[in-house]
Amino acid sequence: MALEFLLRIPVLIQLAILVVCLVRREFKFRRSVPKDLPWVGKRSEWFWRIRSDVRGLFGIGERITKAYHEYSKNGKFFIISDLVTGPEVMVPVSKIPVLLAQPDEVMDTTNTHCDILQSDYTFSHPRIFRNPLQVDVVRKVLTRQIGSLVEPVMDEIAMSFDELWGFDTEGWKEILIDRDMNRVIARTLHRMLLGPDLCKNQEFIDRATTHSRTIIYCAIIIHVIPEFLKPWVQFSRPNRIGMNDFLQWQIRESLGQPDPVEHSPEIIAGRVESVNFSAIHTTQGTAMGVMLDLFSSPPEKGYVEALREEATRVLEEDGGRWTKTGVAKLIRIDSTIKESMRWKGGSARSLTRTVIKRDGFTFEDGVHIPYGFKVGTPQYAIHLDEEFYPNPKLWDPFRFSREREEFEQASRRRRGPAGDDSHADAAEPLEGPGDGNVGILRLRNEAVVSTSEKYIAWGHGRHAW
Ligand code: HEM
């Protein structure tokens, strides 16, 4: 394998190759940089691009927040770069609708994902990401099947926790939160992707998770390697290893394609592998963040008890079985997840697109982004902006559920015990806070899955998932 071959090269030669790659990278982005935009971290020094990128490895959050307040808050664009994926133009919040309104032929996500993941070399076949059929299956089939997946998914989560953490409520037990969340999420995800048997096979799950992590490491290395060498350094190859699961939906979709290449087991497995990749680390990171935030919160606040009370109440109301409707009633839990994702979740940047229109793209105020350049938004800074979130640095798990809960309690009181409108003349009006139906809609939009220009943890617009 290429990686083993590389490791056998003497260290000095490896270092020399690395230096050549980095120097080459210093010149790579020079041609297409948008004119007159401030480049965050730039200093007048030799090899300033690489040096600035290396400095950016330590404290990207602080760097992006400072630039956000200096430029974005004043409606201005800026460039920020990282050592792996290179420079990207950060669009001010006021311009996000313009960014999202562009068709894929102008602002593209496919090429962006291919580039960030170096998917031509890290996945089993370039077409997996270049022609992402699996995204259609996620959007069209998975979304329709969510109702039927709730119970098996809940079972799998419960079984995983029981096996990992046990039932002892008295003694102390040391746990590895990273490893355990990984196991819970990977098993649950694979229940959905590959069915009830394979998801319980720990060896398979561990291999799938390791493989997906390897993709990230390999992508990072391949990024700095010159294009002509990349085909020689394909580090990562897929693990070659009937029911209502993603694999079956993908097989059906693939067999319906006229191109026979799509019918190959290797391509189909690669598509499932790519969904595994998209879903596993994002969800595991989120689950781990929620656990750490929740259990490091002051016990006197009673957050854990409040969440337990909600889960027990909703389960009882729904006759002891988890359903899609029941899950939708878990508004405190929903808010807690959303708050953790807002507070420290996700990456520093999001909504990344690549301009693929040959003559570039020009915003209405004249800012021109050349062909091939990336644009995106400073997610970290937007999520901590006081204008959008009062007291933004405070982790407040019920930030998004407080008003919703008050409103729903008021409307329950208004409907009366029979659940009808017999109490319609009661003093309390059925209105969302302050602005009637608009207020009700606003409250519904507080759910974790609702994205907006100020909440972009899953992206926003047609590619958010
Ligand atoms: C907390 C968990 C997750 C987070 C934070 C997350 C975040 C994201 C983000 C930021 C994007 C890019 C959106 C954009 O560019 O506008 C994305 C895309 C995507 N995600 Fe997730 N995701 C999560 C879970 C999942 C899961 C569970 C699945 C599959 C079952 C999934 C499948 C996808 C797919 C297929 C895309 C590409 C959509 C497209 O290009 O149109 N994600 N996700």
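Helices, labelled H, are DSSP runs of at least four residues, numbered from the N terminus, and one of them, helix H16, covers residues 331–343 and contains Asp-334. The model described here is a predicted one.

**Asp-334 in helix H16**

- Asp-334, which lies in H16, counts as buried because 20 C-beta neighbours are found inside 10 Å, and a residue needs 20 or more such neighbours to be called buried.
- Leaving aside residues up to four places away in sequence, Asp-334 touches Ser-401, Ala-447 and Val-448.
- Asp-334 and Phe-400 are separated by 66 residues in sequence, while their C-alpha atoms are 8.3 Å apart in space.

**Helix H16 against helix H13**

- Two packed helices are described by the angle between their axes and the distance between the axes.
- For helix H13 (residues 265–295) and H16, the axes come within 9 Å and cross at roughly 100 degrees.
- This angle falls in the range of 65 to 115 degrees, and H13 and H16 are therefore roughly perpendicular to each other.
- On the H13 side the contact is formed by Thr-286, Gly-289, Val-290, Asp-293 and Leu-294, and these meet Thr-336, Ile-337, Ser-340, Met-341 and Trp-343 on the H16 side.
- Sorted by type, the residues of this contact between H13 and H16 are five nonpolar, four polar and one charged.

**Helix H10**

- Helix H10 runs over residues 177–194, which makes 18 residues, and its span from first C-alpha to last is 25 Å, close to the 26 Å expected at 1.5 Å a residue.
- Because 14 of its 18 residues are buried, H10 is largely enclosed by the rest of the structure.
- After H10 comes Gly-195, a residue with a positive phi, near 95 degrees.

**Strand E4 and its partners**

- Strand E4 (residues 350–355) has six of its six residues buried, so E4 is largely enclosed by the rest of the structure.
- Strand E3, which consists of residues 107–108, is joined to E4 by two bridges, and the two strands run antiparallel.
- Within this pairing, Asp-108 stands opposite Thr-354 of E4.
- E4 also pairs with strand E7 (residues 374–377), again in the antiparallel sense, and here the pairing extends over three bridges.
- Thr-354 takes part in this pairing as well, standing opposite Lys-374 in E7.

Technical notes
Residues are numbered from 1 along each chain as its sequence is written. This is a predicted model: local features need pLDDT of at least 70, side-chain atom pairs count only at pLDDT 80 or more; totals for chains, interfaces and linings use all residues. The expected span of a helix is 1.5 Å times one less than its number of residues. A residue is buried if 20 or more other C-beta atoms lie within 10 Å of its own, exposed if 12 or fewer, and partly exposed in between; C-beta atoms are placed from the backbone. Two residues are in contact if their C-beta atoms, placed from the backbone, lie within 7 Å. Two strands pair if DSSP finds at least two bridges between them. Axes are lines fitted to C-alpha atoms, for helices over the stretch in contact, and angles run from 0 to 180 degrees between N-to-C directions. Angles under 35 degrees count as roughly parallel, over 145 as roughly antiparallel, 65 to 115 as roughly perpendicular and the rest as oblique. Ala, Val, Leu, Ile, Met, Phe, Trp, Tyr, Cys and Pro count as nonpolar, Asp, Glu, Lys and Arg as charged, and the others, Gly among them, as polar.
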